[in-house]
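Dear colleague,

Please find below the structure that I am handing over to you, together with its sequence. My findings follow directly after it.

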Amino acid sequence: ALGDRRVLKGDLARAIQTYSEALKKDKGNVQARMRLGLAFGLSGDHKKALREFTALTETRGIDADLFCRALNNRGVSKGMLGDTQGAIADYTAVLEVEGAPSDQVAGALENRGAVYGNMGDHARALGDFDAALKTPGISEAQALSILINRGRAHEMLGHVEAAVADYSRCAESRADVSIVHQGLRSLVRLL
């Protein structure tokens, strides 16, 4: 709770200290380890974040949700450190976890699609974004984020009408103002 409040206030150094102290008291505190990894990632220390997320993936008995979150976040850390193939492997591993929560599956597909897009493989990216949008039970906010990414993939592939349709859906939404503005900017650029 204290560490979370410190993160929200932007005091990452003290949040890291709080989570580290919690782990010294209880090395099996998986929530503190997850939050420590996230705080390291937010602070830009992706090597330490990677270490914490890897420790979580090696922890016996954690539930599918936490395991998938650790894999997704480890993939982000690997990507930030330039390990594109390692990131793709972690996102793919989420898809293979029995009982993986739908938001984690969709997140892994979106993240992997973004990596493929950054590599210039927009057709593969589009396939992952399509699959992510078909994942049952995802939130509207997650669907909008995926639509923005799918719109970019369509745009890069020269599918202007499909890109406009995705960006328009985002621009018409009232769920997330930043997504709406991103959709509008993308529409203006295309039109």
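I begin with Glu98, which sits in the loop between α6 and α7. Helices here are DSSP runs of H or I with at least four residues, strands are runs of E with at least two, and both are numbered from the N terminus. Glu98 has a relative accessibility of 78% and therefore counts as exposed. The cut-offs are under 20% relative accessible area for buried, over 50% for exposed and in between for partly exposed, with a 1.4 Å probe and protein chains only. Between the C-alpha atoms of Glu98 and Leu12, which are 86 residues apart along the chain, the separation is 34 Å.

Please note that this is a predicted model, in which local features need pLDDT of at least 70 and side-chain atom pairs count only at pLDDT 80 or more, while totals for chains, interfaces and linings use all residues. Residues are numbered from 1 along each chain as its sequence is written, and side-chain values use heavy atoms, with hydrogens and water left out.

The chain as a whole

The protein chain contains 11 helices and zero strands. Its radius of gyration, taken over C-alpha atoms, is 18 Å, close to the 16 Å that the globule rule gives for 191 residues, so the chain is as compact as a globular protein of that length. The globule rule is 2.2 Å times the number of residues to the power 0.38. Along the principal axes, the C-alpha atoms fill a box of roughly 55 × 35 × 30 Å.

Of the 191 residues in the protein chain, 44% are buried. The chain exposes about 10100 Å², and carbon and sulfur atoms supply 52% of that area; accessible areas come from the Shrake-Rupley method with a 1.4 Å probe, and for residues only the protein chains shown count as cover. Contact means heavy atoms within 4.5 Å. Among contacts between residues at least 6 apart in sequence, 43% join residues at least 24 apart.

Val7 belongs to helix α1, residues 2–8, and is partly exposed, with a relative accessible area of 24%. Not counting residues up to four places away in sequence, Val7 touches Leu12, Ala15, Tyr19 and Leu42.

Thr18 is found in helix α2, residues 12–25, and counts as buried at 14% relative accessibility. With neighbours within four places in sequence left aside, Thr18 is in contact with Leu2, Gly3 and Arg6. Thr18 and Leu2 are 16 residues apart in sequence, and their C-alpha atoms lie 7.3 Å apart.

Asp90 lies in helix α6 and is buried, at 3% relative accessibility. Beyond its neighbours within four places in sequence, Asp90 is in contact with Leu71, Arg74, Gly75 and Lys78.

Gly127 is part of helix α8, residues 122–133, and is partly exposed at 39% relative accessible area. The C-alpha atoms of Gly127 and His159, 32 residues apart along the chain, are separated by 14 Å.

The largest pocket

The largest pocket holds about 220 Å³ of space. On a 1 Å grid over the protein atoms alone, a pocket is an open set of points where a 1.4 Å probe fits, with protein on both sides within 12 Å along at least five of seven lines; lining residues have an atom within 4 Å of a point. Grid points are joined across faces, edges and corners, and the volume is the space filled by probe spheres set on the points.

Helices α5 (64–80), α6 (84–95) and α7 (102–118) each supply at least two residues of the lining. The lining residues include Gly75, Met80, Tyr91 and Asn111. By class, the lining divides into six nonpolar, five polar and no charged residues. Here Ala, Val, Leu, Ile, Met, Phe, Trp, Tyr, Cys and Pro count as nonpolar, Asp, Glu, Lys and Arg as charged, and the others, Gly among them, as polar.

Yours sincerely
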